[in-house]
Amino acid sequence: MPRRTATMLASTLVLFALLCAGVFIRVPYSEMSPGPTVNTLGESRGEQVLSISGHKTYPTTGHLNMTTVRVTGADFNMNLLEAVYGWLSDENIVVPHENLYPDGKTEKQSTQENAEEFSQSQESAKVAALKQIGIPVSARVIVSTVVKGSPSEGTLHAGDVIKDVDGAAVTEPGDVAKLVTKHKPGEPVVFTVVPAAEAAEAEKANREPTATTKVTVTAGKAPDDNRAVVGIRAGTDHTFPFPIDIKLADVGGPSAGLMFALGIVDKLSPENLTGGKFIAGTGTIDDAGKVGPIGGIQMKIIGARQAGAEYFLTPAENCASAATHRPDGLTLVKVSTIDDAAKALAKIGKGDTAALPLCAKS
């Protein structure tokens with residue numbers, strides 16, 4: 001066999017072997033890429049994303065798109081070729097599995113956590129939006145969860161409204177732990193609560209609950225120190241003055257909170273906030289309207305631009321990273337609160353964009 005032919009054959013066999021190895025060798029990585037964007041002012045799968053009843057709403061135009069990240073290889077290990085392709089791509093990011101499932105979480109646990117965060121983000125978006133336009137929202141402290149095998153199991157129940165602890169009024173979830181830890185393990189802690197069933201019935205009938213009961217729980221000992229604990233997690237439950245329904249399937253995590261809130265504000269405001277412009281964004285939001293950072297900002301701004309967005313509302317803490325990867329034609333607007341975002345929308349809608357707070361590279 002001629003030397004040249006032998007060399008080509010050997011090279012071909014080596015290349016084939018490498019390709020086979022690339023296909024069959026699995027690596028503990030996943031790929032993140034731009035996911036779909038959804039206009040919170042419009043429809044998704046034939047249903048309105050935001051539906052409001054019992055209160056006057058106004059026509060909206062333009063876009064207020066929430067953005068997502070698509071993850072491939074999350075439930076299995078990518079092969080080496082897929083990982084190399086992702087590393088070389090300008091629009092994808094390859095990350096270790098542990099970045100997606102930290103602290104040894106399974107995919108099922110992570111999915112459940114994302115679903116819970118998504119639900120909480122909707123609740124906070126409603127609260128922040130109504131506060132932004134001056135509509136009061138009532139809140140009450142409830143038993144969010146009861147730890148299995150704890151002193152409270154069978155005595156306190158999820159959904160019970162906590163009125164006071166040892167006679168001291170409770171107005172914030174943090175009050176409960178402060179009052180409980182004034183005790184020593186083994187001491188009785190007296191809760192005044194509205195039972196969950198009575199609270200639900202009163203809310204359905206649009207009345208204040210009247211039936212309260214006193215519950216005594218013997219405090220246990222925290223496993224890591226000598227603090228008194230009763231084995232509950234306190235949370236906040238809000239009562240809204242009219243129904244606001246958010247419908248969006250196959251999305252998890254808290255990062256759509258800001259855009260949900262702005263969509264609600266737009267629908268309840270006589271002003272046309274977007275001015276017909278295509279605006280996208282991301283960011284967590286709390287009940288007070290504070291906007292928090294999110295993951296996957298690079299993917300989200302690329303996805304937004306591909307969908308046609310001209311402006312992107314960016315959490316302040318994500319600004320430097322976003323500015324480093326900014327796609328051409330997309331203006332990154334820095335926001336820290338829902339009020340910042342609403343003011344930015346007003347400027348964009350009116351075409352007064354010279355004074356917009358823009359993201360800059362660090």
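Predicted model: local features only at pLDDT ≥ 70, side-chain atom pairs only at ≥ 80, totals over all residues.

Tutor: The torsion about the S-S bond of Cys319 and Cys359 is about -50 degrees, so the disulfide is left-handed. A disulfide is taken here as a pair of cysteine sulfur atoms within 2.5 Å. Cys319 lies in helix α9 (residues 319–324) and Cys359 in the segment after α10 (338–350), so the bond ties together parts that are 40 residues apart in sequence. Helices (H or I, at least four residues) and strands (E, at least two) are DSSP runs, numbered from the N terminus.

Student: What is the S to S distance between Cys319 and Cys359?

Tutor: The distance is 1.9 Å, and the structure holds 1 disulfide.

Student: Is Cys319 buried or exposed? And Cys359, buried or exposed?

Tutor: Cys319 is buried, at a relative accessible area of 4%. Cys359 is buried as well, at 14%. Buried means under 20% relative accessible area, exposed over 50%, and partly exposed in between (1.4 Å probe, protein chains only).

Student: What about the chain overall: how many helices and strands?

Tutor: The chain has 10 helices and 22 strands. Of its 362 residues, 41% are buried. Among contacts with a separation of 6 or more, 74% are between residues 24 or more positions apart; contact means heavy atoms within 4.5 Å.

Student: Which residues have the most contacts inside the largest nonpolar core?

Tutor: They are Leu258, Phe260, Leu262, Leu313 and Val333, in a core of 42 residues. A nonpolar core is a set of buried Ala, Val, Leu, Ile, Met, Phe, Trp, Tyr and Cys residues joined through side-chain atoms within 4.5 Å. Several elements supply at least two residues each, including α4 (107–132), β21 (311–315) and β22 (331–335). Helix α7 gives the most, with 8 residues. Apart from this core lies another, of 18 residues, among them Leu179, Val215, Val230 and Ile232.

Student: How many residues of α7 are buried?

Tutor: 12 of its 12 residues are buried.

Student: Why does the length of α7 agree with expectation?

Tutor: Helix α7 (residues 257–268) should span 16 Å at 1.5 Å a residue, and its end C-alpha atoms are 17 Å apart, which agrees. The expected span is 1.5 Å times one less than the number of residues.

Student: Which residues does Leu313 touch?

Tutor: Not counting residues up to four places away in sequence, Leu313 touches Leu258, Met259 and Leu262, and its other partners include Thr282, Val333 and Leu345.

Student: Thr282 is in that list. Where is Thr282 found?

Tutor: Thr282 is in the loop between β18 (278–281) and β19, and it is buried, with a relative accessible area of 0%. Its side chain reaches the backbone oxygen of Ser255 at 3.3 Å. The side chains of Thr282 and Lys300 are joined by a polar contact of 3.4 Å. A polar contact is a pair of N or O atoms within 3.5 Å; within protein, one must be able to donate a hydrogen and the other to accept it, and residues adjacent in sequence count only if both atoms are side-chain atoms.

Student: Changing topic, is Lys290 buried or exposed?

Tutor: Lys290 is exposed, with a relative accessible area of 53%. Lys290 lies in the loop between β19 (284–285) and β20 (291–292). Leaving aside neighbours within four places in sequence, Lys290 is in contact with Thr284, Ile285, Ser336 and Thr337.

Student: Finally, which strands pair with β12?

Tutor: Strand β10 (residues 161–165) runs antiparallel to β12, joined by 4 bridges, with Ile162 opposite Val193. Strand β13 (residues 213–218) is also antiparallel to β12, through 6 bridges, and there Phe191 stands opposite Val215. Two strands pair if DSSP finds at least two bridges between them. In β12 (residues 188–194), 5 of the 7 residues are buried.

Terms used
Residues numbered from 1 in each chain as written. Heavy atoms only, no water.
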